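Biologist: I've got both chains up on my screen and would like to go through them with you. Shall we start with contacts?

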Amino acid sequence: MQRPSPLRSAETPEWVSRLAWGLGSIVAFFAFWEVMAILIQHRHLPGPTVVFAAMMREATSGELLYHIGMTLYRVAIAFTLAMLIGSAIGIALGRNGKADRFFDTWLILFLNLPALVVIILCYVWFGRTELAAILAVAINKIPNAAVTVREGARSLSRDLSEMAHMYRFGYWRTLRHVTLPQLAPFFLAAARNGLSLVWKIVLVVELLGRSDGVGFQLGVYFHMFDVAMILAYALAFIFVVQIIEFGVLQPLGNRVNRWRR
Amino acid sequence: MATVTDTATGSLSVRVARKIYPASGQREAQPVLNGISIDIEPGSFVVLTGPSGCGKSTLLNIIAGLDPDFEGEVKLGGPDTHLGYIFQSPRLLPWRTVRENIELALPAGDPRVGQIDDMLRHVGLEGFASQYPERLSLGMQRRAALARGFITEPDVLLMDEPFVSLDDPTAQGLRELLIGLWNRRPTTVIFVTHDRTEAVMLGTRILRMSSANATIVQDETVRLSPSERTDRDKVLAEQERIFRDG
């Protein structure tokens, strides 16, 4: 006899089941946090209710949206720049063995250069300007994107290129229908890793040299030891990044992979 | 090496003095093809056969222009000879549907796009036009590759063991389909196989290659009428005649 699962009956669609698990897990996390905060009773560990109240205060004053907006603006510019330049470098190195052998050491060097060093050097060389801030973030991400896309460019199918040649696809058709679809998973992987890396570096850049943005606010509230506000900004920003992940990157990933079995 | 156009559309003249695979690692440079000289009439169905590794696919790639590194010359008949190639693996774009794969083989705005449904019906893929190749069996993928090869109406169609690794009934069905397509739209075909029965069943002329001296050792006309090609006994008798010396 077949017994229905207690969590997912035959009638429940998979996404409902996944959503239920996700929501349950979040509720459990906040409940655990609240209980710990009540038990410890320390001003440096506010519970989620206190943090959400602080978030609401900051949101109604307009401060929260303004600073998140500034951070998102920097993330968007630095991310786009890094993806464009990193992908171009990755494709060039993936398709040219000699260039790859020569520049591989450069890539390793930049990959291992601490983000903080790049940020400090950019501020020293270009001043504490918007350009220096964005440049510092982009430089940190470019080697990462280049390495990921290089793997894609290295593994382009010669069989499919020959097929495109024999059936006279021409340059643009080959690029659109043969080359880019093969690189798409690598672009997506670079974008996913890139987004999580870029927004973390943007916060450091703002902390060290800007007068607005979530990173700047975290610095201000750190000096005031206002942990509730620090957590309020952190949670709000995590929420925004999750919206980008579920609203943009996941649908894009599903579209790119729709042909797979 | 050189690829030039001359004489009648669909005819071919292939001269390969030497083709060598360069030395790599501990392996010395190896001659793969040696003293090849073939003239092919338009509309003939030529089968290149021989043991694995004798250079059949290499020769096909040289004719296709995919391997320009050889000593010799390939002359294509007609000023704008259109070559088609049906590869050993179907080489369909997995992220494009069956219809899109066939459509992409045609120039943008080509009126033959209107014939795709008819072609799909003919190869038994009616109702599968919007499927992605990965969701089809290997046999169906090969049908789609055949449809793509024939829709472009090539003057010369190159086929590299297109029915390999299929079960016998499926391979036989595809051979019959190929004969049907070829009769419907006659073209010059150069077909590579190591299957002797398949060679006799399909070819009007068989070129037998040897790996020992990397060249063509036998050039034989198949003496079977179209109706006799489906008669297994007649095919086996002809196979026995052509390949009697081993």
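Biologist: What share of the contacts in chain A with a separation of 6 or more comes from residues 24 or more positions apart?

Modeller: A quick caveat: this is a predicted model, where local features need pLDDT of at least 70 and side-chain atom pairs pLDDT 80 or more, while totals for chains, interfaces and linings use all residues. Residues are numbered from 1 along each chain as its sequence is written, chains are lettered from A and ligands numbered from 1 in the order written, and side-chain values use heavy atoms, without hydrogens and water. Contact means heavy atoms within 4.5 Å. Among contacts in chain A with a separation of 6 or more, the share from residues 24 or more positions apart is 73%.

Biologist: And what is that share in chain B?

Modeller: The count again takes contacts with a separation of 6 or more. For chain B, residues 24 or more positions apart supply 71%.

Biologist: How many helices does chain A have, and what is its radius of gyration?

Modeller: Helices (DSSP runs of H or I, at least four residues) and strands (E, at least two) are numbered from the N terminus, and chain A has 10 helices and 0 strands. Chain A is more spread out than a compact globule, because the globule rule gives 18 Å for 261 residues and the chain is well over that, with a radius of gyration of 23 Å. That radius is taken over C-alpha atoms, and the rule is 2.2 Å times the number of residues to the power 0.38. So, for chain A: 10 helices and 23 Å.

Biologist: What is the radius of gyration of chain B?

Modeller: Chain B has 7 helices and 10 strands. A compact globule of 246 residues would come out near 18 Å, and chain B agrees, with 18 Å.

Biologist: What percentage of chain B is buried?

Modeller: Buried means under 20% relative accessible area, exposed over 50%, and partly exposed in between (1.4 Å probe, protein chains only). In chain A, buried residues make up 38% of the 261. In chain B, with its 246 residues, the figure is 53%.

Biologist: How are the buried residues of helix 7 of chain B arranged?

Modeller: Helix 7 of chain B covers residues 232–242, and its buried residues are B:Val235, B:Glu238, B:Gln239, B:Arg241 and B:Ile242. Seen down the axis, they fall within an arc of 160°, judged by the directions from the helix axis to the C-beta atoms. B:Arg232, B:Asp233 and B:Glu240 are exposed on the other side. The buried residues therefore line one face of the helix.

Biologist: Is B:Thr49 buried or exposed, and what is its relative accessible area?

Modeller: B:Thr49 sits in strand 4 (residues 45–49) of chain B. Setting aside neighbours within four places in sequence, its contacts include B:Lys56, B:His194, B:Leu207 and B:Phe243. B:Thr49 is buried, with a relative accessible area of 2%.

Biologist: What is the relative accessible area of B:Asp110?

Modeller: B:Asp110 lies in the loop between helix 2 (98–104) and helix 3 (116–122) of chain B. B:Asp110 counts as buried, and its relative accessible area is 13%.
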